[in-house]
Amino acid sequence: MKQLLTADWHININNRIKDVYKIINNILTIAIDEQVERIVILGDIFDKARPRHEEKYIFYRWLEKTKKTGIKVLLLKGNHDIFKSPILGDFFSFADANILNNVKIMDSEYIENNIYYGHCHIQGAIFGNTDDINFNAIGKDIKELYNHKCKLYFLGHIHKAQKINNNVYYLGSPYKINFGECNNDNSVIIHNMNTNELKFIKISDRKMIEIHIDMINHKWEQVDVTDAIIKVKVKIKEDQPYPTQDIKEKFKNAYEIRSIEFEVVKKEHSRNKDITTDKSVENCFLNYCNYMKYEKIIQKRGVAIINDI
């Protein structure tokens, strides 16, 4: 028996929904080509525990397609899937998937045939684009996981696919959910349950690129953005015009400009040495007017106001 393993789809109508629809259908195609008997999704199917109708429609349509192929589906609950109500108790986002006879739903921890399936954070797991972002202060100690004495451990929750120790695998998300994941490699695992052989199949995903522009020193990062989702960060002086239209024209080949963020560097204002606390208010005012080159009429009126006070 072979099964396909995936996790953390985070279906969200406001985040790359066309790409997600294409990717999850690609996952089904891979499952058919690999002749698997089951697809396992290890939690966080939806981004919100109370998904919109459009989001549920996309997932349930995918489940219907899967049913027609004869492939079974195992769903685990993730932290994004569970909605806690102080009155009615806990609900989870895909509860009505139970009506399909090819679907089996389990909690966030499930053991079958000496294989552990879970949705959790293990200490030492790597987050994001670098290899040094981890949170050892939180999450399960891997020793706690090994108390189950299973031969393999498959996990969801961390979006970066990775192997921890010899037999613990984070599946990762099949697509890049945000710019913190723009360097992640996305894949699914085909697991031969008879031989325990693992096959990693890469999922083709749209590029997400963060671009930096230094308008102060006139430096534009040169990047091929064709068909990519981009975020642009601009460093600019406070007296410079915002180059929003220039940026849109420059990167018009991008699939989407997700955001343009400006870091405004304020001008340094040197203190007038002639204005000190030991001088009168009138004297300081006149020194300031001379520094700013105000007309005599303004100086005269200002002095009159000061004297009235």
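## Burial, overall form and salt bridges of the chain

Of the 309 residues in this chain, 45% count as buried, where buried means under 20% relative accessible area, exposed means over 50%, and partly exposed covers what lies in between (1.4 Å probe, protein chains only). The model is a predicted one, in which local features need pLDDT of at least 70 and side-chain atom pairs count only at pLDDT 80 or more, while totals for chains, interfaces and linings use all residues. Residues are numbered from 1 along each chain as its sequence is written, and side-chain values use heavy atoms, with hydrogens and water left out.

The secondary structure comes to six helices and 17 strands, taken as DSSP runs numbered from the N terminus (H or I and at least four residues for helices, E and at least two for strands). The radius of gyration of the chain is 29 Å, well over the 19 Å that the globule rule gives for 309 residues, so the chain is more spread out than a compact globule; the radius is taken over C-alpha atoms, and the rule is 2.2 Å times the number of residues to the power 0.38. Along the principal axes, the C-alpha atoms fill a box of roughly 95 × 45 × 40 Å. Among contacts (heavy atoms within 4.5 Å) between residues at least 6 apart in sequence, 63% join residues at least 24 apart.

Side chains of opposite charge can pair when their charged atoms come close. A salt bridge is counted when a side-chain nitrogen of Lys or Arg is within 4 Å of a carboxyl oxygen of Asp or Glu, and the count for this model comes to 16.

One of these salt bridges joins the side chains of Asp205 and Arg16, at 2.6 Å from N to O. Asp205 is in the loop between β13 (198-202) and β14 (208-214), whereas Arg16 is in the loop between β1 (2-6) and α1 (17-33), 189 residues apart. Both Asp205 and Arg16 are buried. Asp205 also meets Lys176 in a salt bridge (3.6 Å, N to O), and because Lys176 lies in the loop between β11 (168-170) and β12 (187-192), the pair ties together parts that are 29 residues apart in sequence. Lys176 is buried too, with a relative accessible area of 9%.

Lys199 counts as partly exposed at 40% relative accessibility, whereas Glu34 counts as buried at 15%.
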